[in-house]
Amino acid sequence: MTSDVQEVSGRFFDYIVVGGGTAGCPLAATLSEKFSVLLVERGGSPYGDPFILETKHYGHSLLRTDEYTSVAQRFVSEDGVSNLRGRVLGGSSALNGGFYSRASEDFVEKVGWDHEGVRDAYEWVESRIISKPDLTPWSYVAAFSFLEAGIFPYNGFSLEHIPGTKIGGSLFDEQGRRRLSSDLLQAGNPSNIIVLLNATVKNVIFDTNCTRYEKTARGIKFIKSDGSSNQTFEAYLNQPDNSSSWGDVILAAGALGSPQILLLSGIGPQEHLNNFGIPLVLDMGVGEGMQDNPGLAILADSKPQNRTPEPPKVAGITDDLEIIIEAGILPISLNATVIPIAAKIAFPESVGKLELRSTDPRANPSVTFNYLSSKKDQAQCVKMGQLLERVVRSESIAFFLGSNEHQNKLMSTEEELQKLCKKNVRTFYHYHGGCTKGSVVHINYRVYGVMGLRVIDGSTFLESPGTNPMATLLMLGRYQGVINKAKEPKRDKRGEILKEKESMLCKERNQKICQKSSVNFDRRL
């Protein structure tokens, strides 16, 4: 691990992974078993920070935000909803509630993954950083309140995404220590991997000397993240002539970071790039298909208390998997907490977009989610409100709080809940899209029209998988790492890597991107 950009500048690697977050760390670890890997993270190390690592400080790291250095970077969508993104090695796994739940079998089928490979990847992650949580008094109260509200059956402890009330897996271990995606780097080959911290990628470097139609990623340009210097540094991919492999630049910078880097690299809507003077590399719909799961929360306690913060350990999944509800104890300051009962719409129809706000890669892009812009989402939000009111009115919560104030209130009317939804819609921090599969990336996560460039993170999702997407992002990093690790370059009889031939297959796709086939094109697929 290093923050010395000079140590990396000018060097060559088989793979360059941009983003040391939930997907990037298991991906880099897996690739390093066989290849040289540079993992670039714009934030610093989480190790030694009790606000990140200790359960009793859960949520405290989200209270401290600044422009360049805080582990959580705050942004406000164009809808006016405040949100957060990770800026630390481990990404969101260093900040979130640590709730672990696999994607449904239907989701795996829908995205075209191999079921056996997915299962193996989940188990690889679970054997290293996932625990069965110890339940606290509040956890029992949450579970009973969900059951009282009609969220059946009770499934006990389960890692599967199934209807009913269940206890999920957790990043927090029996000693109350958070495990992180970055812990998975220990499973890699330390002699093959360099982790560069506090470095922000400006753009991907392309080589277009083959044909005017084909683009090939050759490396990255990056700067220091702290804003102290605008000096640009570069790192490169190994080439076939001087390496036993020819890998990729892989963007794993998240649903905001990956589309932002593509746009800054000249891949995106031409008119939008022209507004910032960015030379066009490929005209395609980067930034489209952005979604966030609309959420709603009702406070169980009317006044802040000074309870020990506690991540959610129990989830309720109801309405044909359409509504998901959780409840933790969150800090609002260093000595005050609240208990929000929060739910989200699992499959919203409303779609937004991401655009650049500036050419500074350290600045947040502009994001619009268009929360509750569809009538179906509005109706689902009313259902969420009704469910939340049933939960907070439960006997279990009344007993825990020593108060029946919610039970004494009348249930809200549908019109009142519609107003509540419109005024108080919030994020569940499960936003996704911007580099969606089938639009920006191929089924193999390769960016259309570009050799040597892939995107492997939540920006490729068309929906948020499972109860929480973290488990599936951890799995995806391992799963795609195994697939890419298994691929060998094609060689001649002397064992030398075959260079690409100029056989062209032009195929219309969206904006008529011309792509090239080669003797080792199947290796890249």
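Start at Glu-288, whose bridge partner in S22 is Lys-353. This is a predicted model, so please take every value as computed from it. How many bridges join S15 to S22? Two, and the strands run antiparallel, with S22 covering residues 352-355.

Now the rest of that sheet. It is open, it has three strands, and the order is S15-S22-S23, with antiparallel pairing. At the edges are S15, residues 288-290, and S23, residues 366-368, each of which pairs on one side only. From one strand to the next, the twist averages 35°.

Which helix packs on this sheet? That is H7, residues 254-264, which touches S15, S22 and S23. The direction of H7 makes about 55° with that of S22.

On to the helix pair. H9 spans residues 375-392 and H11 spans residues 414-424. Their axes are 9 Å apart, and the packing angle is about 105°. Angles of 65 to 115 degrees count as roughly perpendicular, so H9 and H11 are roughly perpendicular to each other.

Which residues make that contact? From H9 they are Cys-381, Val-382, Gly-385, Gln-386 and Glu-389. H11 contributes Glu-414, Leu-417, Gln-418 and Cys-421. Sorted by class, the contact of H9 with H11 has four nonpolar residues, three polar and two charged.

That's what I have. Questions are welcome.

Technical notes:
Residues are numbered from 1 along each chain as its sequence is written. This is a predicted model: local features need pLDDT of at least 70, side-chain atom pairs count only at pLDDT 80 or more; totals for chains, interfaces and linings use all residues. Side-chain values use heavy atoms; hydrogens and water are left out. Axes are lines fitted to C-alpha atoms, for helices over the stretch in contact, and angles run from 0 to 180 degrees between N-to-C directions. Helices (H or I, at least four residues) and strands (E, at least two) are DSSP runs, numbered from the N terminus. Angles under 35 degrees count as roughly parallel, over 145 as roughly antiparallel, 65 to 115 as roughly perpendicular and the rest as oblique. Contact means heavy atoms within 4.5 Å. Ala, Val, Leu, Ile, Met, Phe, Trp, Tyr, Cys and Pro count as nonpolar, Asp, Glu, Lys and Arg as charged, and the others, Gly among them, as polar. Two strands pair if DSSP finds at least two bridges between them.
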